[in-house]
Structure formats: C-alpha cells, structure tokens
Amino acid sequence: MSPYDVASLRRTEFPWSERHIFLNHASTGPLPERTRGAVADFIERRTSMVRIGDDELQGILAGARARAARLINADLEEIALATNTSFGLNLAARMLPFAPGDTVLVSDREFPANVFPWRQLGDRGVAMELLPVTPEGWPDEAAMLARMEDRTVRALAVSHVQFHNGYQVDLEGLSRAARATGTYLIVDAIQGLGQIPFDVRRTPVDILSSGGQKWLLSPWGSGFLYVRRELIGELVSPFGGWSAFQGTENFTTLCDYGGALRPDARRYELVTLPFQDLLGLSRSLDLLDELGIDRIRSHLAAIGRPLLNWARERGHRLASPEGARASGMICVGAERLPGAIEALKRAGVTASLREGALRFAPHCYNTIAEIERIVEVLDPISC
C-alpha cells in the first residue's frame, strides 16, 4: 500500500498546520480547505436566496447520503442524515421493539451519549445493564458475549472506539454473536469512522450513528444514521418529520397528507437539515476517500511510534491498547506528568486530558516530527 503525500496534503488542505500542532481529533477535527471553501461559498450565496434553488438543496442532501453510504459500504437506502451521534442513538433506543423485562447491555466507561438514551428506557420497564470494564480499563467483550446468551438481553450498544483510551472493540466477533443470539447491535461510530475502515457488509450491525465533527473532519451539525435494510420496514420513528413521508418531494401539493412512510431510511430524518454543514460533510468525505481510510490507519500507526516507545522506556502508564485493538489514539497516564497540558499549550500543541490520561489523537496530515516534538515537551516534566 503506497502512502499518500503528506507534505502536499498539509500545504493544500491544512496550511495552518505549519504553525500549530493539533492532536485533538477525538474532540473536534479541523475543516480541510476544500470544505471551508465550499461552505463559505454556499453561505455567501445564502445571503441572496435567488442564487440557491430547491434542486441544489436536495442535491446537497442526496450527495451527503451517497458519500456516507460509500464510507461504510452501505446501500444508499440505508442512510438517513442527522445532526449528531446522539440523535441516532436516541432514535434507536425509542424505535427498537423492546418489552418490559428486556435488557440492553452497555459497557461502563462509555461516552455518556451511549449511556443516557438506554438508561431512559426505564420508563418502559427496560433495564440498562452496565458491564464492568476489564482490569486494563477496556470494555469486557467476554462478558458481553456471555450475557448475550441470556434471552432477556435484546440489545448491545457499544462504541467502535472508546473515547478516553482509544480501545477498538472486536466488532466482527460481537456481530457474529449478535446474529447468533438475535441481539440487536447498535454502534456509536464517531470515534472510529475516518481513522479505521468499517464495512457493514463484512461486519453486519443493526444501527450505526455518527457525527461528522471529529475524525470525519466535517462541520458541527453534520452526521448520519445507518439502519440495516431488513429493519427499515419494521422500525418507525417516534417523530413525524414531514419529509419522512412519500409525496412530500412535490412542494406544490404539501397539503395532501395521505402519503405513507418512505420505504428507505429517509423516514428517520427530521428536516430542515443544515445544508451548509452537510455540504461540508460531503467535501470532507471526498478527501478521506481520496486518501483511503486504510492508508490513514497505516499512517497513524507509523507516526505514533516515538511517543509509544518513549512512554514504555520512561515507565509511563499506557492507557491505550497496542496491537489489534489499537486505534489512532495514544493515551498516556498523566499521574507522573504534572502540568503536561499547560506545557503542551505553551509549545503550541493541542491535546486533551480524559479520565486521567493525556489523549493524543493525530490524523492524516500530522507527521512523525510532530509526535517527536511531543516527546521533547513531555520528557523534561516526566517524574
């Protein structure tokens, strides 16, 4: 697999990167130049709406659906646009056919967006079971597999990548178990998509939700929901978005209320959607597609080595996994690095502190020299 030209990428899409080291893509990613330019042009034209017609607006939505489908190898009909991850997870919690006495499995230490929607199901007599993590702090996949054998367990809700330690779950193994036991598998994909390839045909899941503002390098307010084709006819949203019904694409007859729900995932959309943000999502997904998610993953693995080697040599706790369960994040225990975030800021570096660890989350345009700079900043304060 040939690498892409990182120097050219930095010049054309992230020109500011020569002045600042940004390693916080697990929080919010920057916009590539192509995305910034497309959104700025659209907003400029928005000041005079005579320059933007309905066909263009609907084309923006269609284009964003198509690119989201391409990203995860889904069918176009399985994609609904959304404004954030939480919308899709809440929708899943309210649409799936739970009954009193059912259980939804969730790992402890999950991001709250993948906890609170399931906890709220107590109003329907559905229990959320919070599974303890392993001694290393990872989701306990063995416990998940064992609990899915229980017939009262109807769903497993899991993040593809954990937000505070970068642990990548074995979705293939969890998917096989879910299919074998009839358990719904719901995935919060926001920390994985854009840095780790994912294919819903190779690894079936029932519902997947992701915002675009992190590793997808897209605007706030952009995202999408995937619903497995076989479920679309069975799952009805608790919300009645007006465009979710057939016939509403004809704006001249909107007072004809007889249309049935759409047969595809557009039945789950709530409009008006943020056209400018979804246009930005499309442009950023084009860039990621050009680079190749496999190549991005390889790039991240290569540039992270100086920091991993330093942490091991200096005896610092690695909160992130290595090997098959690793992602692009490198998380180093902060207990022996006093004032690390402040030192990094002074050096022109943006990183984050999550759950007792320094979280470094580089992306496609970061370099090994930038990671080596992190080591230079941290080593003098190491104790």
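Helices (H or I, at least four residues) and strands (E, at least two) are DSSP runs here, numbered from the N terminus. Residues are numbered from 1 along each chain as its sequence is written. The model is predicted, so local features need pLDDT of at least 70 and side-chain atom pairs count only at pLDDT 80 or more, while totals for chains, interfaces and linings use all residues; side-chain values use heavy atoms, with hydrogens and water left out.

Ser159 sits in strand β5 (residues 153–159). With a relative accessibility of 4%, Ser159 is buried; buried means under 20% relative accessible area, exposed over 50%, and partly exposed in between (1.4 Å probe, protein chains only). Beyond its neighbours within four places in sequence, Ser159 has contacts (heavy atoms within 4.5 Å) with Glu110, Asn114, Val169 and Asp188.

Ser209 belongs to strand β7 (residues 207–211) and is buried at 1% relative accessibility. Leaving out residues up to four places away in sequence, Ser209 touches residues including Asn84, Phe224 and Asp188.

Strands β9, β12 and β11 form an open antiparallel sheet, in the order β9-β12-β11; two strands pair if DSSP finds at least two bridges between them. Its edge strands, β9 (330–333) and β11 (352–354), each pair on one side only. From one strand to the next, the twist averages 35°, with axes fitted as lines to C-alpha atoms (for helices over the stretch in contact) and angles running from 0 to 180 degrees between N-to-C directions. Four bridges join β9 to β12 (residues 357–360), and Cys331 stands opposite Arg359 in β12.

Now for the packing. A nonpolar core is a set of buried Ala, Val, Leu, Ile, Met, Phe, Trp, Tyr and Cys residues joined through side-chain atoms within 4.5 Å. The largest has 92 residues, of which Ile72 and Leu378 touch the most other members. Among the residues that Leu378 touches, not counting those up to four places away in sequence, are Trp310, Leu358 and Phe360.

Finally, the charged pairs. The structure holds 32 salt bridges, each a side-chain nitrogen of Lys or Arg within 4 Å of a carboxyl oxygen of Asp or Glu. Here are some of them:

| Salt bridge | N to O distance |
|---|---|
| Glu44 and Arg51 | 3.3 Å |
| Arg179 and Asp206 | 2.8 Å |
| Arg266 and Asp264 | 3.0 Å |

Arg179 lies in helix α7 (residues 171–181) and Asp206 in the loop between β6 (184–188) and β7, so this pair ties together parts that are 27 residues apart in sequence. Arg179 is partly exposed at 34%, whereas Asp206 is buried at 1%.
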